[in-house]
Amino acid sequence: MRGPVKIVATVGPSSSSASILAQMLSLGVDVARINASHGSVEQWNSMLESLMRAEEAVGKRVGVAVDLEGPRVRTGNSEPVKLEKGDLVTLGFMEGDVPVDARQFFETIDEGDIVLLDDGKISLQVESVEGFRIKARVLEGGVLGPRKGVVVRGKEPDLPPLSAKDRRALEFFADKGVSHVYVSFARSAEHVEKVRTVVRRLGLRQARIFAKIEGPSGVSRIGEIAEASDGVIIARGDLGMHYSLEELPEIQELIVWEARKRYKTVVLATEFLSSMIEKPVPTRSEVVDIYQAVLQTADALMLTGETAIGKYPVKSVQWMAKISSRAYKKLATSPPERPRPTSTPYKLALGLVELAESLDSPLVVYSKTGRFAERLASFRPLKTFYVGVPSREVERIVRHLWGAEPIVVGDYPYEAGLAKTYEKLRSENIIHSDETVVEAAWSSERGIYIIRVRNLEF
C-alpha cells in the first residue's frame, strides 16, 4: 500500500502524451497540475485531451489543478543573455542588459538589495537606483534565458493578484472540469478572496482555492491566508529566494501546522526529485526529504520539473510512490498529532476517524460536495477511507485529500447515497460482506447524522 499521501504531478512537454500520463496515473498520480505560467491555450487543451484519454485507459479520474502565474516579475529578454561574475549590468523597465517587465519592481528596490534571477541561479547586488533603471554587480553568473523570474530577496512588489494572463487562463479553464485553482504568491486573505470571486464569477463554483505560500507576506500572514483558502501549498523554491536555506525547515513546519490546525489541505512542493530531471535514480537526500515530508503529514507532495520537463517522468512518480509507501509504514506505528476541535462538525469527524481506527475497520461516508471528506482528511486517518460522491466533479476534488478514495454513485439523499456507496464497494470486492464497517452520512430528512457500525460482533 502506498499510503494516504497524494501525488500531484505537473503535466508538461515530457508528460503530455496520453501513454505517459496513463503510466503516471497507474503508478499513483492523484492530481494533474497544469502550470498556466507556461504554454498556450492550444497546448493546455492538448494536455487536457491527453489526460482524459489516459484516465479512460487506466479507469481512474484524477484532480485537475490550474496553477496561476500570479504577481510574478519576469525578465523581458527574448534571447539568452550571458552574465559573467563581476560584470556591472543595467536592469531597466523593458530595456537594458536585463529588461524587467514590471514598473513596480523598481519602486521596491534599494541600493544593496540582492536580486535573484531564474530561481536564484543568477544573483546580483544593486549598486545604484535611478528611476526605472538600476545598476547591479553580478555575484553569481550564468546564461539568463528568456522570461525568467525576478525576485528581490525579502521584498515583494505591489502587483495585482491576477495578471491578464491569469484571467485568460481562468476563462479557458472555466468549462474544462478544473477541480483546484492554485493562487500563486498569495500575500493576504484579501488577495485570496479576490481570486475566489473571479473564479466563482466564471462558473467554477465547486473548485477549491489553494494559496501558494512563496514570500515573506505569505509566511507572516499564514493564519489569515489559511482561513481564507481551502488549502495551502508550500512552494519551497520561491521561499528559498527570500530566506536562508537553513530557515526553510522551520518555515515549512510552521506553515504545515498553521494550516492543519485550521483543518486545511496542505501540499508540499518543489525539488523533491530535481536530480531526476536528468538522472533515473534520486539522490539519498531527496529520498530522505520525501520520507520526512510524509511523516510531517502533508496531504500531497508535488512534482514539478521532474514530470514537466524531466527525462524520467514515469520513474519520478514511481520513486515518489515507493518512498511514500515506506514512510507510511513508519507513520502507521506512530500516529500523527491531531488538532483538538472545538466545533461540533469537526468533533464528529475526529470521533469517526478514531472509532474506525479503534475497530480497525473501513470508514465509508457519503458527501455531496466533498466538505465532509475534507473534515475527515484533516485528522489524518491512517487507513484509506471511502467517499461516495454524486459526480465526477466532486470525485476530482476529493482525490486531492489525504487517505480519501472517492466512489461516484450518483446524486441521492444522503442516507440513500451512503447505501449506494456501500453496495458499490461490496460489488467491487473492496470490502467484504462479513467485514465490520463504520458508516456515516447526514440525513436531511431526519435532521440527524447517521453513524452506523455494520457487522459488529461482541
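User: Where does Asn-429 lie, and is Asn-429 buried or exposed?
Analyst: In this predicted model, Asn-429 falls in the loop that runs between helix H16 (414-427) and strand S22 (437-443). Although Asn-429 is not a glycine, its phi is positive, at about 60°. Exposed means over 50% relative accessible area, and because Asn-429 has a relative accessible area of 56%, Asn-429 is exposed.

User: Phe-185 is not a glycine either; what is the relative accessible area of Phe-185?
Analyst: Phe-185 has a positive phi of about 55°, and its place is the loop between strand S14 (180-183) and helix H5 (189-201). The cut-off for buried is under 20% relative accessible area. Phe-185 counts as buried because its relative accessible area is 13%.

User: Which domains does the domain assignment give for the chain, and how many Å apart are the C-alpha centres of domain 2 and domain 3?
Analyst: The assignment gives domain 1 (6-70 + 161-330), domain 2 (81-152) and domain 3 (344-454). Between the C-alpha centres of domain 2 and domain 3 the distance is 53 Å.

User: Which residues touch the most other members of the largest nonpolar core, and why does this core lie between two domains?
Analyst: The largest nonpolar core has 97 residues, and those touching the most other members are Phe-173, Val-181, Leu-239, Ile-255, Leu-301 and Leu-376. Helix H12 (residues 313-333) gives the most to this core, with seven residues. Because residues of this core come from both domain 1 (6-70 + 161-330) and domain 3 (344-454), the core lies between domain 1 and domain 3.

User: How many residues are in the second, separate core?
Analyst: The second core is separate, and its residues include Val-89, Phe-106, Leu-144 and Leu-159. One of these, Phe-106, is 66 residues from Ser-40 along the chain, with 29 Å between their C-alpha atoms. The number of residues in this second core is 23.

User: Where is Ser-40 found, and what is its relative accessible area?
Analyst: Ser-40 sits in the loop between strand S2 (29-35) and helix H2 (41-58). Ser-40 counts as partly exposed because its relative accessible area is 26%.

User: Which residues is Leu-239 in contact with, leaving aside its neighbours within four places in sequence?
Analyst: Leu-239 is among the residues that touch the most other members of the largest nonpolar core. With neighbours within four places in sequence set aside, the contacts of Leu-239 are Ile-213, Glu-214, Gly-215, Val-219, Ile-234, Leu-248, Ile-251 and Ile-255.

User: Is Val-266 buried or exposed, and how far apart in space are Val-266 and Leu-301?
Analyst: Val-266 belongs to strand S17 (residues 265-269) and is buried, with a relative accessible area of 0%. Beyond its neighbours within four places in sequence, Val-266 has contacts that include Val-232, Ile-234, Ala-298 and Arg-380. Val-266 and Leu-301 are 35 residues apart in sequence, and their C-alpha to C-alpha distance is 8.8 Å.

User: Which residues form a nonpolar patch on the surface?
Analyst: One member, in strand S23 (residues 448-454), is partly exposed at 34% relative accessibility. Together the patch residues have about 270 Å² of accessible area, and they are Trp-442, Tyr-449 and Ile-451.

Conventions
Residues are numbered from 1 along each chain as its sequence is written. This is a predicted model: local features need pLDDT of at least 70, side-chain atom pairs count only at pLDDT 80 or more; totals for chains, interfaces and linings use all residues. Side-chain values use heavy atoms; hydrogens and water are left out. Domain bounds come from an automatic or database domain assignment. Patches are made of residues with over 30% relative accessible area and no salt bridge: like charges are joined within 9 Å, nonpolar side chains (Val, Leu, Ile, Met, Phe, Trp, Tyr) within 5 Å. Accessible areas come from the Shrake-Rupley method with a 1.4 Å probe; for residues, only the protein chains shown count as cover. A salt bridge is a side-chain nitrogen of Lys or Arg within 4 Å of a carboxyl oxygen of Asp or Glu. Helices (H or I, at least four residues) and strands (E, at least two) are DSSP runs, numbered from the N terminus. Buried means under 20% relative accessible area, exposed over 50%, partly exposed in between (1.4 Å probe, protein chains only). Contact means heavy atoms within 4.5 Å. A nonpolar core is a set of buried Ala, Val, Leu, Ile, Met, Phe, Trp, Tyr and Cys residues joined through side-chain atoms within 4.5 Å.
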